[in-house]
Amino acid sequence: MEKKTVFSGIQPSGELHLGNYYGAIQNWVRLQDRFDCVYCIVDYHAVTGRTGRESDKFQDPRHESLATMSVQMAGDLMACGIDPRRSILFVQSHVPEHTELAWVFSCVASHGDLTRMIQFKDKADRSDYVSVGLFIYPVLQAADILLYRAAKVPVGEDQVQHLELARRIGRRFNTLVGEEYFPEVEAELTAGKRIMSLADPAHKMSKSLGDKHYVGLMEEPDAIWKKVRSAVTDSGEQVGGEMSPGVANLFEILRLTGAVDDVVDGFKAQHAAGKIRYGDLKTAVQDHIMRVLDPIRERRSRMSDDEIRDTLAAGAARASEIAKATMAGVRARVGVGPPPR
Ligand code: TYM
């Protein structure tokens with residue numbers, strides 16, 4: 001039987017954090033064993049984050065260019081275990097068919113569906129300039145996935161609505177051309193599908209909220225400890241009560257970082273008895289985070305930018321082959337492009 005294709009993407013708008021890692025990347029790494037995997041650094045999506053204010057510039061001298069950040073992100077992903085010998089790893093803008101298919105899909109997607117996208121509404125509320133690009137962001141995402149005819153998409157929970165839209169777009173395209181050209185898209189969630197901010201556990205861990213809201217994979221241990229130590233908890237005295245969101249999040253991170261059951265259960269029993277010392281819990285969380293991050297950082301320190309750039313060039317060449325074939329099929333079915341002789 002032919003292997004199914006897996007596709008996923010990440011924006012190069014800053015460093016990888018624990019939310020990305022446990023919500024998506026760990027799954028990207030695991031799926032490499034069983035599927036043909038295509039992983040993409042979505043720089044065109046990240047442009048929407050640079051154009052949300054009247055005063056913004058595409059390239060602000062205070063920030064690195066997206067091209068540089070994409071190389072850094074690729075290195076971080078490889079250090080996490082994305083293996084370019086088995087998977088295709090590349091940058092979205094290096095394969096122009098993504099934006100071409102996005103145009104076709106923008107003629108397929110419904111305006112009403114796009115207005116219901118939660119991320120769009122959130123981001124639009126926080127921006128004083130709302131570009132059309134921000135609005136049709138999920139259309140480009142659908143193009144990313146379907147260009148490779150991917151059926152499985154490993155993501156965190158915040159992307160599920162976008163994937164439902166991708167499925168609808170694929171289905172509607174199929175109806176419009178009268179053929180099952182694209183497969184059904186399905187989200188693949190991990191156990192850590194929604195990691196919360198340590199500083200404000202009502203919000204998901206995210207780069208866009210600011211430095212104290214995420215734990216970066218490449219951050220110095222001291223900087224990580226500062227964030228873990230000041231994580232929001234509660235008084236710890238409520239016997240048998242519900243866990244507050246901040247405490248539940250620390251337990252979740254402890255479990256995901258592979259702490260043995262005895263350690264987790266020990267803290268849980270203390271919590272249930274109203275006798276937990278959060279300082280001890282936080283020390284255990286820090287130790288386990290560093291056990292996961294140390295080997296990743298070590299692998300990262302041995303990589304050169306040249307090696308990463310070569311990997312990305314090879315990845316773009318492989319991605320291009322697939323993308324060109326899909327796009328030729330799309331053009332033929334839409335009835336555009338140079339007529340056959
Ligand atoms: P991005 O760059 O925001 O995030 C990358 C991945 O990390 C997951 N994630 C989280 N998971 C759990 N808890 C968190 N706090 C957390 N924060 C982030 C995200 O769910 C995501 O899987 N639109 C996408 C990028 C994209 C894409 C695609 C994804 C573009 N095209 C095609 C899949 C398929 C995004 O902005 O992810």
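In this predicted model, a nitrogen atom of the ligand lies 2.7 Å from an N or O atom in the side chain of Asp144. The protein covers 96% of the 720 Å² of accessible area that the ligand has on its own. The surrounding shell comprises 27 residues, the closest being Tyr137, Asp144, Gly156, Asp158 and Ile195. At least two shell residues come from each of β1 (5-10), α1 (18-31) and α8 (137-147).

Gln92 belongs to the loop between β3 (88-91) and α4 (97-106). Its relative accessibility is 1%, so Gln92 counts as buried. Beyond its neighbours within four places in sequence, Gln92 is in contact with residues including Cys40, Ile41, Val42, His98 and Leu140.

The largest nonpolar core has 55 residues, of which Ile25, Ile41, Leu77, Leu89 and Leu281 touch the most other members. Helix α13 (residues 278-301) gives the largest share of this core, 9 residues. The core lies between domain 1 (5-194 + 305-334) and domain 2 (207-299), because both give residues to it. Leaving aside neighbours within four places in sequence, the contacts of Leu89 include Ile41, Leu77, Met78, Leu312 and Ala316. Apart from this core lies another, of 43 residues, among them Ile88, Val95, Met117 and Leu134.

Technical notes:
Residues numbered from 1 in each chain as written. Predicted model: local features only at pLDDT ≥ 70, side-chain atom pairs only at ≥ 80, totals over all residues. Heavy atoms only, no water. Core = buried A, V, L, I, M, F, W, Y, C linked by side-chain atoms within 4.5 Å. Buried < 20%, exposed > 50% of the residue type's maximum accessible area, 1.4 Å probe, protein only. Helix = DSSP H or I, 4+ residues; strand = E, 2+ residues; numbered from the N terminus. Domains from an automatic or database assignment. Contact = heavy atoms within 4.5 Å. Near = heavy atom within 4 Å. Polar contact = N/O pair within 3.5 Å; in protein donor to acceptor, adjacent residues only side chain to side chain. Areas by Shrake-Rupley, 256 points an atom, 1.4 Å probe, with all protein chains shown as cover.
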